[in-house]
Every structure is written in C-alpha cells, then in structure tokens.
Amino acid sequence: MSLKVAIQMDPIGPIDINADSSFRIAEEAQARGHSLFYYTPDMLAYREGRVTARGWPLTVRRVEGDHFALGERTEVDLSEFDVVWLRQDPPFDMGYITTTHILDMIHPKTLVVNDPFWVRNYPEKLLVLNFPDLTPPTMIARDLQTLRDFREVHGDVILKPLYGNGGAGVFKLHHADSNLASLHELFAGINREPLIMQKFLPAVSKGDKRVILVDGEPVGAINRVPAKGETRSNMHVGGRPEKVDLTDRDREICAAIGPLLREKGQIFVGIDVIGDWLTEINVTSPTGIQELERFDGTNVAAKIWEAIEARRA
C-alpha cells in the first residue's frame with residue numbers, strides 16, 4: 001500500500017532529528033513507500049469548498065544539518081490525499097483550533113491523524129477530567145479565591161496554564177507560598193483562560209512517566225526525571241529520559257482510557273503518569289517515540305503506520 005501523506009507541522013529546518021517524533025513518523029512513512037508533502041499551519045486554507053495547502057514534496061534523511069529536501073513549492077487539494085498529519089505544537093489557541101475546523105471538512109474521507117474534532121474537544125488537560133478516579137485532585141478555575149480554597153485543602157499544589165505545553169508557566173506552590181495572587185495577576189494579564197491547579201505529587205522527583213498508546217493500546221513508556229532543582233520533568237526544560245517498564249497501574253489506566261481514544265480516532269497519544277496518577281492525556285502533538293525506540297527497540301512509528309494503513313485499507 002502506497003499512501004499520499006501530508007504533514008502539517010512547524011518549520012522542519014530547526015528540528016532535532018534525534019528527538020522529534022514528527023521526523024520519525026515521516027522517516028518511517030518514507031521507508032514504507034508512502035509519498036510525503038509538507039506544509040506549515042499558516043499555509044492551510046479553505047477556498048470555495050476546497051481545503052488547500054501551499055507546501056512542498058518532502059524527502060527526509062537521518063543526516064544532522066541536512067535532514068530534508070524539498071521539491072517545488074505548490075498548492076495542493078488536501079482532499080486528494082490519503083492521510084493528513086496534524087502535528088504542529090501547541091499553544092492550543094484559536095489559530096490551532098481553526099486548523100482543526102478546516103481539517104474537519106476533509107475527514108474522514110482523508111484520514112486526519114489525530115481526528116481533529118476530538119483533538120479540539122479533548123485537549124491535554126481537559127480530557128483527564130473524564131477520569132477523576134485516575135487523577136490527583138484537580139481544579140480548573142479563574143477566580144483567585146476558589147484557587148486559594150483548593151490550596152487550603154490540598155497543601156502544596158501545581159499551578160499551570162490550562163492550554164500551555166512543554167512545561168512553560170508551570171509553578172509549584174507551597175501551601176504557605178505568598179505568590180499565588182501575583183501569579184494569578186500575571187496570568188490574568190495574558191489571557192482570559194482559567195488556570196489548572198493540581199495537588200502536588202512528591203513522586204515526581206522519581207520521574208514523570210510518558211506512556212505511549214497507539215490506537216488505544218500501550219506500546220511502552222519512558223521516564224522523564226526532573227533536573228536538579230526543578231519540579232518540571234519535560235525534556236524541553238532539561239528533563240532526563242530514562243528506560244522504564246509499564247507497571248500494573250499503568251496498564252490499568254490505559255485499559256480505562258484506551259477504548260475512548262480508539263473510538264475517537266486518537267491514534268497516537270502520550271499520557272503522563274506520576275506515581276499512580278494520570279495527569280495529562282496528550283493528543284495534540286505527543287512526543288517520545290524516538291527515546292522509546294532507543295531504550296527498548298520498539299518501533300512505535302511502524303506501529304502507528306500499521307494502524308493507519310489498516311484504517312485506509
């Protein structure tokens with residue numbers, strides 16, 4: 001099976017080919033005989049009933065500093081493709097949301113991965129609210145007194161933007177920390193969105209586990225250990241990836257959420273687990289497949305393409 005594949009992603013030039021999941025997905029697609037077309041989100045358009053993109057035929061290669069080649073820039077009709085990858089990074093703002101509405105117009109005749117309707121309705125920090133028995137105590141609120149009341153009950157907490165990513169803007173607040181009002185004022189000056197507050201989990205010092213699911217089934221995990229002096233374990237801010245096995249609790253969590261992910265077309269998902277608790281379900285642009293492949297040899301990109309090819313068949 002040879003598929004026509006379009007990848008909507010951030011600029012390909014600056015990526016780290018030894019860590020970037022979109023690159024590994026493209027590399028595996030090419031190895032399987034699929035053709036690649038690349039464009040950035042700002043080049044997506046709706047025009048008189050057609051969904052189009054301006055971009056380039058793409059070839060990738062695992063050569064640092066020379067990892068891609070582009071054909072002649074052209075405009076394509078995305079409804080003529082078999083698969084479109086929705087792979088730009090958040091922030092999950094109105095620009096991001098608008099791309100999901102536009103791609104909705106061609107899905108599922110053209111398979112958009114992950115399903116844009118449910119990416120829009122199930123962003124990382126909101127989908128977990130469907131599973132309160134699996135998550136630490138969590139609050140979403142904008143009102144300062146409501147946030148104060150939550151911290152009064154739960155002591156040390158994590159405060160972060162509801163639609164942030166990569167560990168940006170994540171704060172640990174001690175139960176007596178006097179900065180909550182100042183942080184609330186800072187966030188309120190940036191946007192009108194609520195904040196998310198969770199009970200702090202001391203187990204994060206041992207790592208924040210990223211479990212990868214393909215079509216609702218767990219395929220492996222990596223542990224992300226915070227740098228010294230850090231609470232955040234994201235690799236964007238210095239978290240160290242290390243090999244780790246799936247626990248019975250990890251499998252229990254995956255069994256609970258997997259059927260919903262599969263039903264809603266979320267083929268490539270990365271969940272975050274601290275200790276025994278689910279903290280996020282990442283559906284927008286999950287990462288970690290290259291680290292997992294290095295640690296235990298699991299070719300996650302191949303498993304992802306097997307799931308896509310099965311759907312296209």
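Guide: Take K125 and E280, which form a salt bridge with their closest N and O atoms 3.6 Å apart. A salt bridge here is a side-chain nitrogen of Lys or Arg within 4 Å of a carboxyl oxygen of Asp or Glu. The two residues come from distant parts of the chain: K125 is in helix 4 (residues 124–127) and E280 in strand 17 (residues 277–282), 155 residues apart. Helices (H or I, at least four residues) and strands (E, at least two) are DSSP runs, numbered from the N terminus.

Visitor: What kind of model is this, and how are residues and side chains treated?

Guide: This is a predicted model, in which local features need pLDDT of at least 70 and side-chain atom pairs count only at pLDDT 80 or more, while totals for chains, interfaces and linings use all residues. Residues are numbered from 1 along each chain as its sequence is written, and side-chain values use heavy atoms, with hydrogens and water left out.

Visitor: Are K125 and E280 buried or exposed?

Guide: Buried means under 20% relative accessible area, exposed over 50%, and partly exposed in between (1.4 Å probe, protein chains only). K125 has 5% relative accessibility and therefore counts as buried. E280, at 11%, counts as buried too.

Visitor: How many salt bridges does the structure hold?

Guide: The structure holds 22. One of them joins the side chains of R50 and D77, at 3.3 Å from N to O. R50 is in strand 4 (residues 50–60) and D77 in strand 6 (residues 74–77), so far as sequence goes 27 residues apart. R50 is partly exposed, with a relative accessible area of 35%, whereas D77 is buried, with 11%.

Visitor: Which residue forms a salt bridge with D208?

Guide: The partner of D208 is R224, and their closest N and O atoms are 3.3 Å apart. D208 lies in strand 13 (residues 208–214) and R224 in strand 14 (residues 217–225), so the pair ties together parts that are 16 residues apart in sequence. Both D208 and R224 are buried. Elsewhere, salt bridges that share partners join R24, E27, E28, R32, R62, E293 and E309 into one network.

Visitor: How do I read the packing of two helices?

Guide: Start from the axes, which are lines fitted to C-alpha atoms, for helices over the stretch in contact; angles run from 0 to 180 degrees between N-to-C directions. Angles under 35 degrees count as roughly parallel, over 145 as roughly antiparallel, 65 to 115 as roughly perpendicular and the rest as oblique. Helix 1 (residues 21–31) and helix 8 (residues 289–296) pack at an angle of about 70°, and their axes are 8 Å apart. The two helices are therefore roughly perpendicular to each other.

Visitor: Which residues of helix 1 and helix 8 meet?

Guide: Contact means heavy atoms within 4.5 Å. On the helix 1 side there are S21, F23, R24 and I25, and on the helix 8 side I289, Q290 and E293. By class, the contact of helix 1 with helix 8 has 3 nonpolar, 2 polar and 2 charged residues. In this classification Ala, Val, Leu, Ile, Met, Phe, Trp, Tyr, Cys and Pro count as nonpolar, Asp, Glu, Lys and Arg as charged, and the others, Gly among them, as polar.

Visitor: At what angle do helix 5 and helix 6 pack?

Guide: Helix 5 (residues 144–154) and helix 6 (residues 180–190) pack at about 140°, with axes 11 Å apart. That makes helix 5 oblique to helix 6. Their crossing is right-handed. A crossing is left-handed if the near helix is turned anticlockwise from the far one by less than a right angle, and right-handed if clockwise. L144, L147, R148 and R151 of helix 5 make the contact with L180, A181 and H184 of helix 6. The residues of this contact divide into 4 nonpolar, 1 polar and 2 charged.

Visitor: What should I look for in the backbone?

Guide: Most residues other than glycine have a negative phi, and most peptide bonds are trans. The bond from H107 to P108 is cis, with omega near 10°. P108 lies in the loop between helix 2 (94–104) and strand 8 (111–113). A cis peptide bond also joins V113 and N114, with omega about -10°, and N114 is in the loop between strand 8 and helix 3 (116–121).

Visitor: What is phi for E48, and where is E48 found?

Guide: Phi of E48 is near 50°, a positive value in a residue other than glycine. E48 is found in the loop between strand 3 (44–47) and strand 4. With a relative accessible area of 76%, E48 is exposed.

Visitor: Is D215 buried or exposed?

Guide: D215 counts as buried, at 19% relative accessibility. D215 also has a positive phi of about 55° although it is not a glycine, and its place is in the loop between strand 13 and strand 14.
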